[in-house]
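Please examine the structure shown below. The paragraphs that follow lead through a pair of helices and then a sheet.

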Amino acid sequence: MRQHIMVDNDNNPVQSALLIEQLKSYQHNLESVDITVSKGRHQGIIHVRDGEVLSAHIGILHGNGAILSIVQIQGAEINSVPTQSAVQKTVFITIDQIDRFLKTQRTTSHPAEDLDEEKLLEEAKSLFFRFHYKEAVDRLVAILRHNRFFYPAWLWQSRILTRQDYISRAIDEAYRWGNHDQDVWREARKMRPQLTTSDTQVKRCIFCWSILQAGSSCSHCKASFSISAMQPSKDLKQDEIRFALTCFDQAQRSDPRNSRTAFALALGHFNLKEHHKALGYLESAVQLSPKIPLYSKSLSLLRSIIKAEELRQQPVVSTPAVQTMPAELPVDSSTNPTILMVEDSMTSRKVLSMLLKRHNYTLLEAASGAEAIKAAASSRPCLVLLDVMLPDTNGHDLLAELRNFEHLREVPVIMLTGRHDVRDRLKGIQGGAQEYITKPFNPQKLTELVQSYVKSATEKQTVTQKKSTPPSPPISQKKTKTAATAVNRWATSPVKAPAPEAAKAPSEPPKAPPPGSKSIFIIEDSRTSRKVLAMLLSRNGYHLYEASSGQEALTLAPSIQPDLVLLDVMLPDMTGYTILPQLKQLPHFANLPFIMLTGNKKATDRLKGMLAGSNEYLTKPFDPQKLLSVISNYL
């Protein structure tokens with residue numbers, strides 16, 4: 001039966017209460033209806049099934065933001081039609097919560113139809129991609145002052161802001177009202193690990209809006225922000241760059257005199273190896289702003305790159321040096337241990353060479369990633385000194401390639417860099433480096449580290465040579481599934497996890513934490529990850545318990561009293577989803593907060609973790625400050 005209600009007064013404050021009372025009536029009677037709310041350009045619909053509000057949409061809004069926007073409309077015509085048609089659930093707040101939100105919501109001074117939020121949003125996006133950030137923010141603020149629940153405005157505001165705490169707040173608001181929206185969900189998943197609660201100013205990527213670290217490329221989408229002869233990253237997120245290019249293209253059509261937009265388009269197409277398209281946009285940028293040196297220099301370099309490509313008779317297929325590695329490597333006939341030094345600075349190479357030759361080391365020098373691969377294929381170093389910033393690659397990516405050689409899988413690596421960010425150190429350790437030394441380094445400390453690792457590696461190499469077992473070809477040559485497995489293992493941990501049966505009960509009771517301190521139970525099979533976590537948490541005053549497998553954790557758990565558990569999802573003998581409910585059965589673990597750590601980024605994995613009982617679900621590689629912030633929320 002169709003019900004019809006008409007409210008004539010445009011500014012009638014009773015409108016919202018009337019609609020909410022109607023929803024409560026359907027809830028009480030367990031009715032299934034579709035409710036339409038109409039006024040001017042605003043046409044909203046609410047789907048109620050068995051008394052529960054399952055979904056709502058109005059304009060481009062769906063879910064929580066839509067239902068709250070609909071009930072705010074004053075002077076609307078309301079109709080309801082009984083129906084049993086199936087709908088997908090997008091509203092995750094109750095009718096009582098809707099009522100409370102509206103009572104605390106500030107009353108606007110304009111009728112709903114006086115402001116076209118969707119038009120203002122499109123204007124803000126166009127201004128954003130034309131680099132008119134202040135004007136874009138003004139329009140987004142106007143939308144949100146009018147309707148706090150218009151979550152697309154929060155989403156785009158989070159991409160413009162440059163203060164970390166403001167960005168985090170905007171993302172939280174977008175997720176609160178549009179948590180079902182895929183764009184909002186992806187943005188929250190991408191940005192939350194990058195953010196801290198500090199008020200520090202940051203720079204943003206122009207293609208994916210991630211937080212930029214030191215360097216000339218984005219750590220998330222891998223886009224480069226300069227025209228250079230370096231090859232684009234193999235991990236380039238092309239879909240994200242193409243989406244940004246579509247938006248930049250639309251912005252340029254509305255403002256063809258904007259040289260910054262033209263340069264952004266040139267960079268995007270250059271990253272996608274679409275050099276001729278990039279050339280057209282770059283020529284336009286130079287024509288519009290001939291006095292900007294960056295544009296003219298980039299144009300000259302791009303023309304050189306294109307000319308070199310055209311002169312080639314056929315495309316050069318870059319075959320990694322590992323493909324030509326001999327079946328057996330020559331063993332250094334000298335008695336001096338060999339060190340592979342990968343460093344592009346000639347000055348740094350001379351200093352290191354002079355320092356290490358005093359201790360009778362034989363040095364192999366490489367000034368680029370390509371030279372390092374070539375040297376690695378034909379030598380057997382017992383240690384690698386690896387610079388992070390190289391002309392043709394970076395140390396993190398090169399380390400993964402070096403680990404593809406069977407004879408380098410367990411060779412210690414000391415990374416050298418001028419970058420002091422703790423996230424860079426974490427990335428190096430997680431990538432398989434044993435040490436991460438910042439420049440300028442202490443010569444004595446570096447020498448002591450080298451001597452320690454060389455001694456251990458030399459002894460191991462001697463045992464291997466006595467067995468007369470030639471090294472296997474690099475993993476990349478094997479035609480089995482073990483290649484991907486080995487590479488992935490090195491991407492997370494260079495140390496083999498103990499077998500489940502190796503877990504034994506501790507020979508002596510674990511030490512109790514000092515009075516007044518909090519304790520954390522780390523369940524993680526990667527020795528490298530445990531080392532990183534222990535270093536980070538112990539420095540912040542936490543007492544630690546550690547387990548490397550599920551069985552070891554279950555054996556240790558009855559005898560300890562932690563305040564929080566960090567749980568890896570992938571363990572050698574069981575998954576984190578399996579062990580978590582078992583630990584929760586222990587009385588002193590029942591109410592403990594659990595934080596799951598994993599490399600799995602799928603929404604279904606996160607949901608599975610939450611259903612298993614975890615309080616938080618963080619993906620690797622995690623931001624140290626973000627992890628500490630999450631832990632502090634519970635302790």
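Are α11 and α12 roughly parallel or roughly antiparallel to each other? This is a predicted model, in which local features need pLDDT of at least 70 and side-chain atom pairs count only at pLDDT 80 or more, while totals for chains, interfaces and linings use all residues. Residues are numbered from 1 along each chain as its sequence is written, and side-chain values use heavy atoms, leaving out hydrogens and water.

Two packed helices are described by the angle and the distance between their axes. The axes of α11 (residues 275-288) and α12 (residues 293-311) come within 10 Å and cross at roughly 155 degrees. Helices (H or I, at least four residues) and strands (E, at least two) are DSSP runs, numbered from the N terminus. Axes are lines fitted to C-alpha atoms, for helices over the stretch in contact, and angles run from 0 to 180 degrees between N-to-C directions. The two helices α11 and α12 are therefore roughly antiparallel, the word for angles over 145 degrees. Their contact (heavy atoms within 4.5 Å) includes L279 and L282 of α11 and L299 and L302 of α12.

Elsewhere, 5 strands form an open sheet with parallel pairing, in the order β13-β12-β14-β15-β16. Strands pair if DSSP finds at least two bridges between them. β13 (543-547) and β16 (616-619) stand at the edges with a single partner strand each, so one side of each lacks a neighbour in the sheet. The twist averages 20 degrees from one strand to the next. Helix α21 (residues 576-584) packs on the sheet, touching β12, β14, β15 and β16.

Definitions and conventions: Angles under 35 degrees count as roughly parallel, over 145 as roughly antiparallel, 65 to 115 as roughly perpendicular and the rest as oblique.
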